[in-house]
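Open the structure in a viewer and keep the selection tool at hand. The stops below go from the ligand surroundings to a helix.

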Amino acid sequence: MNHRNDAKENTLELRRVFQELLDDEKERGDIGVTSFKVVFDELMEVQKQKLREITKEQFESLYESGFIICIGVAYRDPIIDHIDNKVTSEVDYPLWNEYAREYDRINQVLNRMAPAIASQFDGIPLKATIGGMIGEVEHVWEYWPLVVSHRVVAENSGIGWRGKNQLIIHEKFSCAIRFASIITAMTLQQGKRMESMCGDCTACEDACGFIRQRDILPDYRENCRKYILFLKSKGIEKDICGKCIKACYRQSKFQKQFTL
Ligand code: SF4
Ligand code: SF4
């Protein structure tokens, strides 16, 4: 069997296994594949170092011909509406915390699925970004060496486009989807990176001044980190905000197309 047929058959099997795991978990999601090299070349230097440490002696061959699989699990309606919900003029933080708990639950689902796929496809799982570190670091820059960006994997695998809110926008689930990744040496068919479809939409910029002013702020993600710390002081249990996810899902120009 030639290389192209291998890739096709392996990818079909990968999709079948992924769907079976999704069904077992009673979740919905999507999967994509990109090359290890493309992801590595786009990562920040500190994250490249992290990926070298993870792949050890396999690094050179993976860089030459390896792949990274991106798996995504979507949130369920109506949890996104619990973000920044105002019954009167008061924000309902306990309700917002329900979204934080769902974030945690989906991470756990991904962290069961990623090792299961890794074990069947001779891979290395990169778990979902769990958080919990945001208050441990002095600045968002200290956070980057701790994680490998699933968004870079997702974007290059064609699962969605990079939105103005910097999240990956899936054509069905909006950015209400979380990711984990699996590194593998197995030959697979790659997805095609999507160009941004945001166009003239400004829903996430309207919802968050940090996104709106991202070009003039030194690093808007540091403002975001501080806002998340503020939310934690209000009783939110995880490192989340989510207002830019809700804005994209509910107010963007794709709101009629998105469904959870
Ligand atoms: S998570 Fe919240 S603070 Fe951070 S960019 Fe999105 S809306 Fe703004
Ligand atoms: S809200 Fe609009 S501009 Fe922002 S990421 Fe979603 S589609 Fe793009």
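**Ligand 1**

Start with the shell around ligand 1, which divides into eight nonpolar residues, one polar and one charged (nonpolar: Ala, Val, Leu, Ile, Met, Phe, Trp, Tyr, Cys and Pro; charged: Asp, Glu, Lys and Arg; polar: the others, Gly among them). The model is predicted: local features need pLDDT of at least 70 and side-chain atom pairs count only at pLDDT 80 or more, while totals for chains, interfaces and linings use all residues. Residues are numbered from 1 along each chain as its sequence is written, chains are lettered from A and ligands numbered from 1 in the order in which they are written.

Select Asn165, Ala207, Cys208, Phe210, Ile211, Cys224, Tyr227, Cys241, Lys243 and Cys244 to show the residues around ligand 1 (C-beta, placed from the backbone, within 6 Å of the molecule). Two or more of these residues come from each of α8 (209–212), α9 (220–233) and α10 (243–251) (DSSP runs, numbered from the N terminus: helices are H or I, at least four residues; strands are E, at least two).

**Ligand 2**

Next, select the residues around ligand 2: Gly163, Lys164, Asn165, Ile169, Cys198, Cys201, Ala203, Cys204, Ala247, Cys248, Ser252 and Phe254.

**Helix α6**

Move to residues 150–157. Seven of the eight residues of α6 are buried, so the helix is largely enclosed by the rest of the structure (buried: 20 or more other C-beta atoms, placed from the backbone, within 10 Å of its own). Gly158 follows α6 and has a positive phi, near 85°.

Methods: A residue is buried if 20 or more other C-beta atoms lie within 10 Å of its own, exposed if 12 or fewer, and partly exposed in between; C-beta atoms are placed from the backbone.
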